[in-house]
Amino acid sequence: MHGPCTGLFGQCLVPPVDSSFDAAIGFQSRARSGSTSQALLNRASRCSYFFLYDGSKVKGEGDRTREGICYFYPEETPVDKQELLCGQLAGVGRCVSELSSSPVRILRLRRNKYAIRMEGHFFWALGCSADVPIASVCERLDQLIDLFCFYSDSVRQSYQLNSQETLSARWAQYFLHLQPGSSELHRIFSCLRTIDSTNVDPLLLLKAALILQACQRCPLVLAGCILFRGRVVSTQMSPELTMKVMVHESETYAKAQSSSSSLDAAVSSITVFLTTSELQYLQSAPVHKDLSSHSTPHRDAPQKKTRLSRTLSEMASTESDSSDLGPPQSPHKMSFSPCLSESDNSVFSPAPSQSTADPLNPPPQSPEPPFSNGRHSPEAEEEEALDESCYQSFHSNGGGDSQVHHEGGGSAFDERSSLNGGDGDAARDFRVGDSGNEESHDDEDDGAAVGNREGGCGSAQGDQGEDPLPPYGGFENPEESPRIPMMLYLHRVKGLVLALLTDPRFLSDEASMEEVYHSSLASLNGLEAHLGTVPPVPPGAPGAPGPYIFAHFDCIQSTLTTNLSGRPGGAPEHPFVRATSLLHSHFCNTKTLQEAIIRSAGAAVYGTRSVAHETYFQQHGGSLRNSGIPNHQDSAFSLPGKARHRLLKHGVNLL
Amino acid sequence: MKCLLIASESAEVLFYWTDPEFQQNIQQQYGSSQEEGQGLPAFEDSISTLFAPIIISCSTMVDRLGDSYTSFTTENNHIYVLHQFDECLYIAVNGDGEEGEDALRRKIYVMKKMIEVRFGMVTLSSNLLRRELRPQDTEQRARLWKHLQGLLETYSHLRENDQSFLVEAVERLIHPTLCEQCIEFLERRLVQQLNSSAERAGEEVLHAFILVHTKLLAFYSSRNASSLATSDLLALIIMAQNMYPSNVDQDDPGPEVGKFQKPRTRHHHKMFSTSGSGPESFYTPEPSPTDRDSSSSGGLCRRMAEDSLQALEVPPPDPSTPRRVFLEISGKDGLYPMMPHSLYCLPLWPGITLVLLTKIPTSAVALSVYKFLEAFAKLEKCLNGGQEGSAAARGQLAIHDIRSKLDKFIKASQQNCWMILLNSLRSCLYFYFYSLIPWCKNMKTQLCGIYRQCFLIDSGPGDFPQRLSPRLQERAQTMAQEKLMDWKDFLLVKSKRNITMVSYPDFPGLIHFICVDRSTGQMIAPSLSTTERTTSELGKGPVAQFIKNKVWSLVSTTRNFLRKGYSTVTLRDGDFYFCYFLWFENEMGYKLEAGDIPLLPDDSAPIGMLAWDYYSRKLLRYYSKNHQGEVVRCYELLTVHLGVIPTEIILQHCRQLASKLWEPSRNPLL
């Protein structure tokens, strides 16, 4: 996570990875304690404003604008100015969206540009200086809102249940977390921060992947990732989910540092909220993903790839890769299939018992609202341990009636989410009772639950799948897609963290927890020891600008490989960064564009992209002086060849 | 879904243009909130009501934050671009995906340019301009807005379909012999005769040129005329096209021309339809006023039919009345913008127009007004900038200077309107420092007012308007018709196939190119015809349309890169390979080293030559800093190749094109 902070502290710190991480954490805890202004002011040059405005609170003539301001960054902004910005932007936004019958997305001023999100009465704006690509700003705003929903569920509900201060602290935390990474390049691509795989023994990455797969033997574990000092070592989740998980990881790290850590503190968990599509993706076994990938084009394909640990796919080049992946994958499948059949069975046979059980106490569903109450207030006091025990005891009381219950509830859960998530890509726009969902529901029934039909309880089951939705998504605002609570389990070994997304029942299932904990503990210790010995910065690499600069962005895993040092060289005025930013947004806008060379007086930069990658390359030296008139001997036009040649040794194949 | 709106700071609509979809959209929205009858005032009301919050928020932001909106984008990709010129806020909207932000901003700047050409220095006073753009008399307002709407539509049409308006440079018809003959004709016969005639009423023809559709056949400037800026020439072409629209996309020249015309004008065209086969006497001067009447009003009718607004019958203006246009002239001591001229557009045949630009007898007054305006502006700046004491001292001197000069000038001019000015000039005999700035402002406004009275107010219906006499205009028209009679059909065809890619057999894989000489504001490009009826090398319809779209998007892409300082761009896009080069040469053709290029903010004036000459005002000025005393020329080349051609070959092609195109001897067609 320390991504945001290295930029800040980078100037004074030499080894970027380690100390900046600590500094980042230090910074964050300071930020949370409130003595933030100086650090925030430094940042103001990047993202100037962020606010959430609730128009429903300002309706009458007498209502003051400030009553609608839910959160405003920078917090020290005079209230007058806050009111001015919120009032004007929200007002203009509403007027324009009425004229065009569509919410405003981008709002530009001469000096700033704002990414806007309008939902119901809520109005978010994230403002950046004019030189940041607007696509990046929009993406960051979406991430920010997503992040909030991931940890707090619906925004409207959160504001009903929690004090504004609590939520403001959360917005501040997420906002800081999402502030641009160590370099401008990270900001442009908004990518995950990963460990530098070139310095790490590939076997360690393989080991990390194996740990994750081992955890998945427990059917309640959906997916996981391993982080080391705030950088991703291996992940089974999509980049978006990984990014969200990392926020909490960095927070617990800060706590682990401040409080004397005991073994208990090493394991923690909190509830998180997944969208139906996220959940469906996590729950579907690899086999199913393969099956579904042809029906949901393109987007699933990449995700499928990330599911196989990213370390593996990254280091292996081509052919050898697939053969390597074979073995680890099959146990993975194996481990999953019993889980599925188990739940299937439970759906089949105890259907009557399930329906009787439901009204009494449908375990995961109905306890949710009280539960989320119970969760948030303790957290407001930042008592995570208490929170956790609270949750555990609650569940062991309420959920411990019978195993059948759990299974039944869980399968209904599975069923529902897969039903709902049936519309793949559009899942974010998912609405309760959408006609599209009905269809996908039918499809799913046909395909997966033929057995149910034969058993004569197919229709009843379908109803159950549909019914539990309203209690979940008990929002006043039908616009928001309902989210499903899941557990985020963290196991920390010093700088190393194993983060698992699990079914809520995981925490009440002592046996599973024990098993996961013990099975992974030794390997985690080993991995931590090994990673800890890796020199943080390869000697000589930074500061020595090679004869060329490159940046290689993996759009699917959202990772960036570059030889441009994160700190001084990554300044926005750097010609390479400027060109890359411009080309990146141009690539985003023009789908058919494959490669480009652009030259200014000072620099010629070559950019190329494929479905999965974007690569940028600049050669230093050489005679840039030229007349600008077309000339085939011009060095700028030899860039593609040079890039192909030079980047091979970085594992980038441009052929 | 397109709209362009000009509003004052108090949200008063000063001008608007919408397409039918946008109008419908507005009416639906307004109808839902308020039932009201339709009609012009009602629509104007609803558009003003709906936009008012945006306009007011805009001025709030300027007042309180010192920043202003430049654009909005909605999730369904409607784009709003806003720009404030003095106290006029321009808002351009697109909701159909056909125009991007850059195109909308360009439209705004072009609109402003057209208003400047129409109103001259009156645009320097927001107060006067506001009254000028929104006349109290509704009929007069309707007529003015209709005219401006027509100009805007003509411009949009040209920008979307004409390569010369895409890159904003003038395209010449490439036929050296004929061109030379025509220039000689314009010089020796036409301009000479007109300027020596007694019926010219004191006017003097400065420039004369012949347009075939939008392409320039011949251009002649008299010896004592300053050169015509590319920006102005392009604006004049838009005006000529607006008066006599040529359906260059539809009509085939020759016998079928009449088919696409309004019935009312048919007889007129029939007369010419058999040209080339009939006896010459058939065509000899018959351009009676009625003929011209019908052709011009035919054009007007078409415009009005296209117009989204409810047609309010506007009487066609007397075709022999010139249009007052305000153009830049470069005197010995610098540039003088917005100097009054009279514009005569004489249609020779449909698609071919003779344009005369004359200097009016009183134009020297405009020069003086401009000088005084400049002096007052300088004085005001000096007063605003400096410390109170020193500024006042410096101001004193300047004021004395201005006052004595102005005093002398007013006495010399002996005109009524100037006497008012004299009063306010004297009113400041006992001035105080704090009252000086308002006084300067007031003087400027008054000068603009006088300028308006001198050059904008039509003389009453009673007296004869100042102009070349109708008989003289007829004679000019007839002479030109006689001259070009034999060439007419050829020219109409030629204008559509000026250069074709067939002429470039040595460039295998080259699909299209555009080469622009920014120093002269001229461009060369193979014609891109996309209609079903004409077949070009690119084939018909969809394929040609596809290439055309690619070229159009390439131009806007390269402008974006140029804005950020990149003067060389190559792109591999789908099956094509695009190149863009910008370079400098000195007068001898020696290539100069590529230097830094100014970086422009996102909301700066669009790169081009029509609304604002980026190349001479910004780029060359910037570049020439390191090349003092040297004439620097700027060239641009865009090419489209098939993607399978090796890059080395493509670059060789580009180099050959770059070196050959402007050397007439080696151009296959020159």
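Which residue stands opposite Phe326(B) in β10(B)? Select Pro340(B): that's the one facing Phe326(B).

Before we move on, some housekeeping. This is a predicted model, in which local features need pLDDT of at least 70 and side-chain atom pairs count only at pLDDT 80 or more, while totals for chains, interfaces and linings use all residues. Residues are numbered from 1 along each chain as its sequence is written, chains are lettered from A and ligands numbered from 1 in the order in which they are written, and side-chain values use heavy atoms, with hydrogens and water left out.

**Stop 1: the sheet in chain B**

Now colour the strands around that residue. Helices (H or I, at least four residues) and strands (E, at least two) are DSSP runs, numbered from the N terminus. You'll see 5 strands in an open, antiparallel sheet, in the order β8-β7-β11-β10-β9 (chain B). β8 (215–221) and β9 (323–331) of chain B are the edges, each with a single partner strand, so one side of each has no neighbour in the sheet. On average, neighbouring strands here are turned by 30 degrees against each other, direction ignored.

Zoom in on β9(B) and β10 (334–349) of chain B: they pair antiparallel over 8 bridges. (Two strands pair if DSSP finds at least two bridges between them.)

Contact means heavy atoms within 4.5 Å; axes are lines fitted to C-alpha atoms, for helices over the stretch in contact, and angles run from 0 to 180 degrees between N-to-C directions.

**Stop 2: where chains A and B pair up**

Jump to β13 (593–599) of chain A. 6 of its 7 residues are buried (under 20% relative accessible area; exposed is over 50%, partly exposed in between, with a 1.4 Å probe and protein chains only). β13(A) pairs antiparallel with β14 (568–573) of chain B over 6 bridges, and also antiparallel with β14 (604–609) of chain A over 5 bridges. Click on Glu595(A): its bridge partner in β14(B) is Arg572(B), and in β14(A) it stands opposite Thr608(A). A hairpin of 4 residues joins β13(A) to β14(A).

**Stop 3: aromatic rings**

How many aromatic pairs turn up over all chains? The search finds 43. Rings of Phe, Tyr and Trp (its six-membered ring) pair if their centres lie within 6.5 Å; planes under 30 degrees apart count as stacked, over 60 as edge-to-face and the rest as tilted.

Select Trp124(A) and Trp171(A), an edge-to-face pair at 6.4 Å centre to centre and 65 degrees between the planes. Trp124(A) sits in β5 (122–129) of chain A and Trp171(A) in helix α7 (164–178) of chain A, 47 residues apart. Both are buried.

Now go back to Phe326(B), which forms a tilted pair with Tyr451(B), 5.5 Å centre to centre and 40 degrees between the planes. Phe326(B) is in strand β9 of chain B and Tyr451(B) in helix α14 (433–455) of chain B, so the pair ties together parts 125 residues apart in sequence. Phe326(B) and Tyr451(B) are both buried.
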